[in-house]
Amino acid sequence: MSLTPEQVMATHKGNMETLFGLANKAFDGLEKMVELNLSTSRAALTDASTQMQSLLSAKDPQELLTLQTTMLQPLAEKIASYNRQMYEIASATSAEFTKALEAQTADAQKAFTTLIDSTAKNAPAGSETAVAVMKSAVSAATNAFESMQKAVKQATDMAQANISAVAETAADAAKSAAPRKR
């Protein structure tokens, strides 16, 4: 059984739509990262200016030391927040790619299974064993792919939990390291 030109064109059209959709998702993720970097840079510049003014207005070395120490806590919290936001953007973009890949894979598997079934119906007598072997191979490949998807999802979930825990620990450490007012 062969594909008609219309089926080939429809497949190519679908692939091109998917490609352009993924390109748009990639640019959306990149745009969000650029916006985050710009806003973070702007905030860092403003903070640096304010902190420099505070440091220059210190009246004695003790006040200078206190000011320097108190500036570290917000910095650690901002770094943790930046990293968390960057991870969220990357994770969301990756999830979009994964969703599109899964949809494309499901469509391809369905089309391939349909092709095998159609070929099996038109197969000459005595080829039942070959068709059964082919169906078994497709089933095994599908199961392997689904297992791989589950493993990747578990690893992603574990990485998300670890990143959240590290961010919380860093923020808590920064808070506890802040100097106590006497």
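Visitor: Why is Leu30 called partly exposed?
Guide: This is a predicted model. Leu30 has a relative accessible area of 46%. Buried means under 20% and exposed means over 50%, so Leu30, at 46%, falls in between and is partly exposed. Leu30 is found in helix α1, which covers residues 5–56.

Visitor: What makes the nonpolar surface patch that includes Leu30?
Guide: Phe27, Leu30, Val34 and Leu38 make the patch, with an area of about 400 Å². A patch residue needs over 30% relative accessible area; Leu30 has 46%, so Leu30 passes that cut-off.

Visitor: Why does Asp47 count as partly exposed?
Guide: Asp47 has 23% relative accessibility. Because buried means under 20% and exposed over 50%, a value of 23% makes Asp47 partly exposed. Asp47 also lies in helix α1. The C-alpha atoms of Asp47 and Leu75 are separated by 9.4 Å, with the two residues 28 apart along the chain.

Visitor: What makes up the lining of the second largest pocket?
Guide: The second largest pocket holds about 420 Å³ of space. It is lined by 15 residues, and Ala95, Thr98, Val152, Lys153 and Thr156 are the closest to its centre. The lining divides into 7 nonpolar, 5 polar and 3 charged residues.

Visitor: Which helix gives the most to the lining of that pocket?
Guide: Helix α2 does, with 8 residues. Both α2 (61–121) and α3 (128–177) supply at least two residues each.

Notes: Residues numbered from 1 in each chain as written. Predicted model: local features only at pLDDT ≥ 70, side-chain atom pairs only at ≥ 80, totals over all residues. Heavy atoms only, no water. Patch = residues over 30% accessible without salt bridge, like charges linked within 9 Å, V, L, I, M, F, W, Y side chains within 5 Å. Areas by Shrake-Rupley, 256 points an atom, 1.4 Å probe, with all protein chains shown as cover. Salt bridge = Lys/Arg side-chain N within 4 Å of Asp/Glu carboxyl O. Helix = DSSP H or I, 4+ residues; strand = E, 2+ residues; numbered from the N terminus. Buried < 20%, exposed > 50% of the residue type's maximum accessible area, 1.4 Å probe, protein only. 1 Å grid on protein atoms, 1.4 Å probe; cavity = no way out; pocket = protein on both sides within 12 Å on 5 of 7 lines; lining within 4 Å. Points joined across faces, edges and corners; volume = space filled by probe spheres on them. Nonpolar A, V, L, I, M, F, W, Y, C, P; charged D, E, K, R; others polar.
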